[in-house]
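Dear colleague,

Please find below the structure that I am handing over to you. I would be grateful if you read the notes that follow with the structure open beside them.

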Amino acid sequence: MAGSAHGHTPAAWTGVIISFIGFCIAGVFMVAANAPGFWAGIGVVLLGGVVGGAMKIAGLGMPKESADVAAAREVATTSARARH
């Protein structure tokens with residue numbers, strides 16, 4: 001995945017960071033036996049997905065791969081497999 005820069009976008013980083021913060025919130029409140037706080041943390045996790053998706057739609061995610069790039073990737077993968 002490193003060759004395709006999968007997930008290295010502002011949309012991905014923002015969504016993951018927000019979701020991680022929500023996970024931490026939910027974990028703290030789960031240990032504290034506080035159900036409303038736990039569900040608030042879960043809400044923040046879901047918010048991270050919504051924010052990341054909105055940022056992707058706004059153009060801050062990975063651009064769609066063109067047919068030329070997909071064909072070049074397939075040729076490179078096929079030739080790399082043939083060498084091994």
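I begin with a residue in the first helix. Gly-27 is part of helix H1. With a relative accessible area of 26%, Gly-27 is partly exposed, because that value falls between the 20% limit for buried and the 50% limit for exposed. Along the sequence, 15 residues separate Gly-27 from Ile-42, and their C-alpha atoms are 9.4 Å apart in space.

Please note that this is a predicted model.

**The chain as a whole**

The protein chain contains three helices and zero strands. Read from the N terminus, its elements follow the order α-α-α. Of the 84 residues in the chain, 14% are buried.

**The segment before helix H1**

Thr-9 is found in the segment before helix H1, which covers residues 10–31. Is Thr-9 buried or exposed? Thr-9 counts as buried because its relative accessibility is 8%, and the limit for buried is under 20%. A polar atom of the Thr-9 side chain lies 3.1 Å from the backbone nitrogen of Ala-12. Leaving aside residues up to four places away in sequence, Thr-9 touches Leu-60, Gly-61 and Met-62.

**The loop between H1 and H2**

Ala-33 is located in the loop between H1 and H2. Although Ala-33 is not a glycine, it has a positive phi of about 55 degrees. At 71% relative accessibility, Ala-33 counts as exposed. Asn-34 caps the N-terminal end of H2, with a side-chain oxygen 3.0 Å from the backbone nitrogen of Gly-37.

**Helix H2**

How does the length of helix H2 agree with what its residues should span? Helix H2 runs over residues 35–60, and at 1.5 Å a residue its 26 residues should span 38 Å. The C-alpha atoms at its ends are 35 Å apart, which agrees. The expected span is 1.5 Å times one less than the number of residues.

Which residues of H2 are buried? They are Gly-37, Gly-41, Gly-48, Gly-52 and Met-55. These buried residues of H2 pack against H1.

At 77% relative accessibility, Ile-57 counts as exposed. Ile-57 and Ala-11 are 46 residues apart in sequence, while the distance between their C-alpha atoms is 9.1 Å.

**The aromatic pair**

The structure holds one aromatic pair. The ring centres of Phe-38 and Trp-39 are 5.0 Å apart and the ring planes stand at 75 degrees, so the pair is edge-to-face. The angle decides this, because planes over 60 degrees apart count as edge-to-face. Trp-39 counts as exposed, with a relative accessibility of 57%.

With kind regards

Conventions
Residues numbered from 1 in each chain as written. Predicted model: local features only at pLDDT ≥ 70, side-chain atom pairs only at ≥ 80, totals over all residues. Heavy atoms only, no water. Helix = DSSP H or I, 4+ residues; strand = E, 2+ residues; numbered from the N terminus. Buried < 20%, exposed > 50% of the residue type's maximum accessible area, 1.4 Å probe, protein only. Polar contact = N/O pair within 3.5 Å; in protein donor to acceptor, adjacent residues only side chain to side chain. Contact = heavy atoms within 4.5 Å. Phe/Tyr/Trp six-rings, centres within 6.5 Å; stacked < 30°, edge-to-face > 60°.
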